[in-house]
Amino acid sequence: MISNAEIAAVLWEISQYLEMEGVAFKPRAYEKVAEVIEGLSEELRDLYKKGGLKAIETIPGIGVSIGEKIEELITTGKCKEYEQLKKKTPVDLAQLSKVGGLGPKKIKKLYDKLKITNLTELGAAAKKGKIAVLEGFGEKSEEKIVKALEFLSSGGNRFVLPYILPDIWTIRDYLKKLKEVEELTVAGSVRRYKETIGDADMLVVSKQPKKIMDAFTTMPGVVQVLAHGETKSAVKMKNGLQVDVRVLPKESYGAALNYFTGSKDHNVALRQLAIKKGYTLNEYGLWKGTAEKKGKMIAGATEAEIYKALGLLYIEPELREMTGEIEAAAKGKLPDLIGYGDLKGDLQVQTNWTDGAKSIEEMAVAAMAAGLEYIAITDHTKRLAMVHGLDEKRLAEQGKEIDELNRKFQVQGLKFKVLKGTECDILEDGKLDLSDEALAKLDIVGVSVHSYFNLSHKDQTARIKRAIQNLNVDMFFHPTGRVVGRREPYDVDIEELIATAKATGTIMEINGSDRLDLKDQHIRLCVEAGVKMAVNSDAHNDGHYGFMEFGISQARRGWAEKKDIINAWPLEKMLSFLKK
DNA sequence: GCCGTTTTCGGCCCGACTGTTTTCAGTCG
């Protein structure tokens, strides 16, 4: 049972080995395929079971040779050619490649000369000064290796976006205050709202790049200067975050923003498209002619004019992941993405009746301040004894408080509405933690898994199917149970759940907190299947409505439109869509 | 190794920075 991640890892390692040998072009072919496979929503082994090698080869980038290797991996769990390469140079590529400055060529040299195969051996050699004397290395490379190893052993090299974003804004605001800065934009994976980021890329327009570079590399919080050039520098901050800054002239702003936003594969595809049209695209602009013999610049000040000149619709940053956006843009068939201000309500809010910090009224007032028109109170149920989950009796009492609050708002002339809801536990066998009679009285019923995470694929899927088939259940909260960077999803057949949601009219949640669950690929499956979703904050405090921004970003990354997200709809329309 | 509304053969993105060099390979994004 080999997973896509494992297949991608093998293909990526093959690319690195080929690179070591100095083979031309093949490495990129393998690398590209590895990235494509990581982004697939369906497991290749399932695809293979259904359609064999033929089905595998329909995936772009996979031809005969790579197709056969994937078949070999699925059927035998091994790949002979990979085994041979690994035997020849038995190094831990995944680990060693994380060391900044080490690529395949240098890793090979370290193995050939010093028999270094992993991080421990690398550290030992560096401390003994064995690396500095190698040809192609020196004192500085050895120092860099020691520092990189310290950084890796201290943990993080990727950050969860919702947590790191405030730090990034602080740096942005510091740099924006420099008088030489005309414009500053945070680009890269932050602008694409990737769920985790490895670094923060900032783009600056200025006529005095040197001053920017000097101020940037000496700003407070910098612990290491990784690069310090005339227009491009990189630093490591105290918390481990790497920040890159690039300075460009105003007329290149759009081209630079496009280049610095990525993804890398998206950029490469744009550049290839440019070549086909007789142009050259770089971070300074779109030019007539070839890279060697450039003609006139025909676009560059804005991203929009570059896409237009390439015959494409403008592609939003969240879509730039090479999952079909360029083809769609060429055909004029991009989705009309849900916008960051489009949500009218929040359908998962906890209060101090259970594990939330604030009262129902406080949460309602904060929601109004956040620009919302309605919220659903969805406290936990009794099985979660730890948080004093509600039983039928307390749920009824809470309902009375909500009725009174709504009356009060009405008297005050406020249109805001608080809905009665629940986050009801799904029990081990798929039954629910509250009686059907109690659930039937609520405006909106959400269910979720908080126990028995380790059931088998078959049992977990069957259990959840049973729960969402209940006619009282409107919505399935955080459907895969993952927490970004902390907890893996439970083993469940998400496609079967989506099919069940379609058949039963169940709403799938996009949880905007650090769960980010559903994730982008699953959202796209829902969009394609016509399953409706809701973007919720899962607020446990009055400052948590901001999490919805990350839920929307996931929705956008999953190609969702307003019509796909029920809480982007007015209250009446939203309620009328729920199960009767 | 993959791919094709200019191609089934001949292409394959582009440039900045570093370190070890004395003109450039390797890495990175």
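Contact here means heavy atoms within 4.5 Å. Helices (DSSP runs of H or I, at least four residues) and strands (DSSP runs of E, at least two) are numbered from the N terminus. The model is predicted: local features need pLDDT of at least 70, side-chain atom pairs count only at pLDDT 80 or more, and totals for chains, interfaces and linings use all residues. Residues are numbered from 1 along each chain as its sequence is written, and side-chain values use heavy atoms, with hydrogens and water left out.

Helix α14 covers residues 264-276. At 1.5 Å a residue (the expected span being 1.5 Å times one less than the number of residues), its 13 residues should span 18 Å, and the 19 Å between its end C-alpha atoms therefore agrees. Asp265, His266, Asn267, Ala269, Leu270, Leu273 and Ala274 of α14 are buried, that is, under 20% relative accessible area with a 1.4 Å probe and protein chains only. These buried residues pack against the helices α2 (26-38), α13 (253-261), α15 (303-309) and α16 (325-330), and against β8 (279-282) and β9 (285-289). After α14 comes glycine 278, with a positive phi near 85°.

In soluble globular proteins, nonpolar side chains tend to be buried together. A nonpolar core is a set of buried Ala, Val, Leu, Ile, Met, Phe, Trp, Tyr and Cys residues joined through side-chain atoms within 4.5 Å. The largest such core has 71 residues, and Leu347, Ile375, Val418, Met508 and Ile565 have the most contacts inside it. Helix α17 (residues 360-369) contributes the largest share of this core, five residues. Apart from this core lies another, of 47 residues, including Val10, Ile56, Ile70 and Leu96.

Two helix pairs involve α1. The axes of helix α1 (residues 4-20) and helix α4 (residues 64-76), lines fitted to C-alpha atoms over the stretch in contact, with angles from 0 to 180 degrees between N-to-C directions, come within 11 Å and cross at roughly 135°. That makes α1 oblique to α4; oblique covers the angles left when those under 35 degrees count as roughly parallel, over 145 as roughly antiparallel and 65 to 115 as roughly perpendicular. Ile7, Val10, Leu11 and Ile14 of α1 make the contact with Ile66, Lys69, Ile70, Leu73 and Ile74 of α4.

With helix α5 (residues 80-88), the axis of α1 comes within 10 Å and crosses at roughly 50°, which makes α1 oblique to α5. Here Val10, Glu13, Ile14 and Tyr17 of α1 meet Tyr82, Leu85 and Lys86 of α5.

Definitions and conventions:
Chains lettered and ligands numbered in written order. Buried < 20%, exposed > 50% of the residue type's maximum accessible area, 1.4 Å probe, protein only.
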